[in-house]
Amino acid sequence: NWAPGAQKIDATSIAKPFRDEIRTQIQKLKEVGIEAPLLVGLLANSDPAAKKYAEWTGRACKADGIRYELREIDDAIDVENALRDANDDPRVHGIIVYYPIFGQVESFSGESQDDYLRDTVSHKCDVEGLCHEYRSNLYRNKRYVDYPTNSKKCVLPCTALSVVKILESCPSCYDKSKPIGRHMEGQTVTIINRSEIVGRPLAAMLANDGADVYSVDIDSIYLFRGGRLYACDGETPESCVRKSSVVVTGVPTKAYRLPSEWIQPNTTVVNVASFKNVSEDEILQIPGVTYIPMVGKVTVAMLERNLMRLFYNFHHPERQ
Ligand code: NAD
């Protein structure tokens, strides 16, 4: 018994048109004698979540006609060489590294070793869209890699992109009749997570689309607005969520629960975390709420879509 207008959306239905489009593109390549793109996965840990993610990617790629090769590496120290080999191999069109590998272990420069590996993935193969070039383009709202020709669109971070695609599928969140850069004008969003993988790129993307975005982390709140960042000393997670028509949760702990009473009627709530950050029973009692409990299916579709973009940008015989 849900409140009037409350709905729960299975992200599989949002992923489907993207995966159908990828299958069509691969079919068209085959018809002109071009092999499907090759995605290489590098797995160097026994983390069950990473293994599961590697399994899912392999299964989805196979179903959609993409070639996928999982390279398992026994010693984390060998990942960098395996990654550089894949970067330099002209048969490889996309690379995904399954993190965490080193976790928070720092390199000499103070960045984490995993961040260093993310920046080592060539921008021609980076299906996750997390290397320095793509991140810095995103934060400067630079949408093409080949300025000023503007024929090669940048690859975007795939988890953040999956949330954007989910919100685009909700007519109350994205108004496509407005010009590019203003589709989310008038919307206030709260994102609870400011990691470089999920929360920060997502905040930048939604602000680039015109939203006011509160980026909430454990000890700080920032407002992303119109390409600028403002510190929000007077705000609390509660005050941000109460003002928001979209709330995205990405807290990686089992114990965390977003208080349902903060969420306003007609809000769209997207749970990105692998844990349930909201009480499903409670939020579906809020009138008009749209709840998306999981985004993984769309993330994998975005990985595949990024692979196709990299292929057309850099590897297709006509682009070389
Ligand atoms: P992370 O550990 O790198 O970052 C988590 C962020 O949340 C950090 O900035 C941390 O300070 C912040 N945080 C922790 N507790 C908080 C709290 N109580 N309030 C506000 N902020 C808090 O993790 P990540 O890579 O950003 O991933 C986050 C979650 O999303 C994980 O559960 C992960 O499994 C999931 N994830 C899902 C997908 C997908 O496609 N489904 C992809 C990537 C990550």
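Asn 81 is found in helix α3; helices (H or I, at least four residues) and strands (E, at least two) are DSSP runs, numbered from the N terminus. Now look across to Met 184: Asn 81 and Met 184 are 103 residues apart in sequence, and their C-alpha atoms are 42 Å apart in space.

Before going on, keep in mind that this is a predicted model, where local features need pLDDT of at least 70, side-chain atom pairs count only at pLDDT 80 or more, and totals for chains, interfaces and linings use all residues. Residues are numbered from 1 along each chain as its sequence is written.

Step back to the whole protein. There are 10 helices and 11 strands, and the C-alpha atoms fill a box of roughly 55 × 45 × 40 Å, taken along the principal axes. A compact globule of 320 residues would have a radius of gyration near 20 Å, and the protein agrees with its 20 Å. That radius is taken over C-alpha atoms, and the globule rule is 2.2 Å times the number of residues to the power 0.38. Buried residues make up 42% of the 320. As for contacts (C-beta atoms, placed from the backbone, within 7 Å), take those between residues at least 6 apart in sequence: 60% of them join residues at least 24 apart.

The buried residues of α2 are Tyr 53, Thr 57, Cys 61 and Asp 64. They cover an arc of only 70° around the axis, so they end up on the same side of α2; the arc is that of the directions from the helix axis to the C-beta atoms. What covers these buried residues includes α1 (11–31), β2 (38–43), β3 (67–72), β4 (94–98) and α10 (296–315). Just after α2, Gly 65 takes a positive phi of about 90°.

Helix α4 (residues 113–120) has its own buried set: Asp 114, Asp 115, Leu 117 and Arg 118. Seen down the axis of α4, they fall within an arc of 160°, so they line one face of the helix. Their packing partners are α3 (79–88) and β4.

Most residues other than glycine have a negative phi, and most peptide bonds are trans. Tyr 99 and Pro 100, though, are joined by a cis peptide bond with omega about 0°, and Pro 100 lies in the loop between β4 and α4. Another cis bond joins Tyr 147 and Pro 148, with omega about 5°; Pro 148 belongs to the loop between α5 (132–139) and α6. The loop between α5 and α6 is also the place of Asn 141, which has a positive phi of about 55° although it is not a glycine. Asn 141 counts as partly exposed, because it has 13 C-beta neighbours inside 10 Å. Asn 193 has a positive phi too, near 150°, and lies in the loop between β5 (188–192) and α7 (199–208). Asn 193 is buried, with 22 other C-beta atoms within 10 Å.

On to helix α6, where Lys 165 lies. Lys 165 is buried, with 21 other C-beta atoms within 10 Å. Not counting residues up to four places away in sequence, Lys 165 touches Ile 14, Val 298 and Met 302.

Finally, the ligand. Of the 23 residues around it, Ser 195, Pro 252, Ala 273, Ser 274 and Thr 299 come nearest; a residue counts as near if its C-beta atom, placed from the backbone, lies within 6 Å. The elements α6 (158–168), β6 (212–217) and α10 each supply at least two residues of this shell. The shell divides into 12 nonpolar, 9 polar and 2 charged residues, where Ala, Val, Leu, Ile, Met, Phe, Trp, Tyr, Cys and Pro count as nonpolar, Asp, Glu, Lys and Arg as charged, and the others, Gly among them, as polar.

Key:
A residue is buried if 20 or more other C-beta atoms lie within 10 Å of its own, exposed if 12 or fewer, and partly exposed in between; C-beta atoms are placed from the backbone. Two residues are in contact if their C-beta atoms, placed from the backbone, lie within 7 Å.
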